[in-house]
Amino acid sequence: MSRIRWFCGPTVLALAFAGTACRSESERAEGAVREPVDQTNRRGEPPPAPNQPGKELREQAERVGDKAEQLAQEGQQLGKEAREQAGRAGDKAEQLAREGQQLGQETREKAERVGEKAEQLAERGRQAGRDVNDQMNRVGEQTGALKDNQGARPQSAPPAAPKDKAAPQPAQQGQAEGAKKQEGNVAAMERDEWTKAAKDNDYQVTFGRDGSVIATKEAKRTGARPSDEALRNAVGGKLADSDHDAVKKLHVTVRDGVVTLQGTVASVKEATEAVKEAMDADGVTKVISYIRHGS
């Protein structure tokens, strides 16, 4: 028990002294804190300035904000200018498109006028060709009539009378001249029939000195020309469909794309029909007819 009392007494005393010392230190610290505040309040001075690093951060933040606002304004200005430039470019593009459409329309109109003019010139050329063919046909008719007259004169001339007989009478000479004239008229009628058939079937004819009839037309095919064998088969097929047996039997030859018909038919009409059928064959542009006819 004595030991316990001895231990408790010193221990309690030490604890009391320690508490007193702690309170003293606490009061001194509190007084040191209150004293500057009281002095500041008594003197009427403003509170101390905030910490310097915080002020610098705020200033930097303000500067960054100002810079961001400035960049935003510049971006808006650039966007506005870009929109204005885009608008001007769109207007220019629209103007160019209108000008292009106008030029295209004018070009089409000019092309149409040129095409019409070319068609007129082509028609004039075809008409001139027909006129030339008609003139050549008339010249051929006259030449044929003269040849017929020259060929018929020796045959129709009466035999030479003996010296002791009288000369031919004027009546016999008139009959011979009438026969010659009639032969010339027949030849002219045949040429007229050939010419009429050519006009009706859109091709041209000329008359050779050897008695041939040459029919031609403008080529309408494009690309490679058919072979001679193909042309001969095409013409033979056309003639085989004829209603006249004599036309079916005509001999057909082709050389370098030129068709030649030979044989005999009953009339000029059948001969013109044979030439028409040959001209209608695909790829044929020229036919030479040596077809003889009875009338």
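These questions and answers cover a predicted model, from its fold to its charged surface. Local features need pLDDT of at least 70 and side-chain atom pairs pLDDT 80 or more, while totals for chains, interfaces and linings use all residues. Residues are numbered from 1 along each chain as its sequence is written, and side-chain values use heavy atoms, leaving out hydrogens and water.

Me: In what order do the elements of the chain run from the N terminus on?
Reply: Helices (H or I, at least four residues) and strands (E, at least two) are DSSP runs, numbered from the N terminus. The chain has six helices and five strands. Their order is α-α-α-β-β-α-α-β-β-α-β.

Me: What percentage of the 295 residues in the chain is buried?
Reply: Buried means under 20% relative accessible area, exposed over 50%, and partly exposed in between (1.4 Å probe, protein chains only). The areas come from the Shrake-Rupley method with a 1.4 Å probe; for residues, only the protein chains shown count as cover. Of the 295 residues, the buried share is 18%.

Me: Is Trp-194 buried or exposed?
Reply: Trp-194 sits in helix α3. Its C-alpha atom is 8.9 Å from that of Ala-271, 77 residues apart along the chain. Trp-194 has a relative accessible area of 5%, so it counts as buried.

Me: How many salt bridges does the count come to?
Reply: A salt bridge is a side-chain nitrogen of Lys or Arg within 4 Å of a carboxyl oxygen of Asp or Glu. One of them joins Arg-225 and Asp-228 at 3.4 Å, N to O. Arg-225 is exposed at 52% relative accessibility, while Asp-228 is partly exposed at 25%. By this rule the count is five.

Me: What separates Glu-94 and Arg-98 in helix α2?
Reply: Their side chains meet in a salt bridge of 3.2 Å, N to O. Glu-94 is partly exposed at 45% relative accessible area, and Arg-98 is partly exposed at 48%. The two are four residues apart in α2, so the separation is about one helical turn.

Me: In which helix do Lys-276 and Asp-280 both lie?
Reply: The side chains of Lys-276 and Asp-280 form a salt bridge at 2.9 Å, N to O. Lys-276 is partly exposed at 28% relative accessibility; Asp-280 is partly exposed at 39%. They lie four residues apart, about one turn, in helix α6.

Me: Which residues gather in a patch of negative charge on the surface?
Reply: Patches are made of residues with over 30% relative accessible area and no salt bridge, with like charges joined within 9 Å and nonpolar side chains (Val, Leu, Ile, Met, Phe, Trp, Tyr) within 5 Å. Lys and Arg count as positive and Asp and Glu as negative; His and the chain ends are not counted. The place of a charge is NZ of Lys, CZ of Arg, CG of Asp or CD of Glu. The negative patch holds Glu-56, Glu-59, Glu-62, Asp-66 and Glu-69.

Me: Is Glu-62 buried or exposed?
Reply: Glu-62 lies in helix α2 (residues 52-156). Its relative accessibility is 53%, so Glu-62 counts as exposed.
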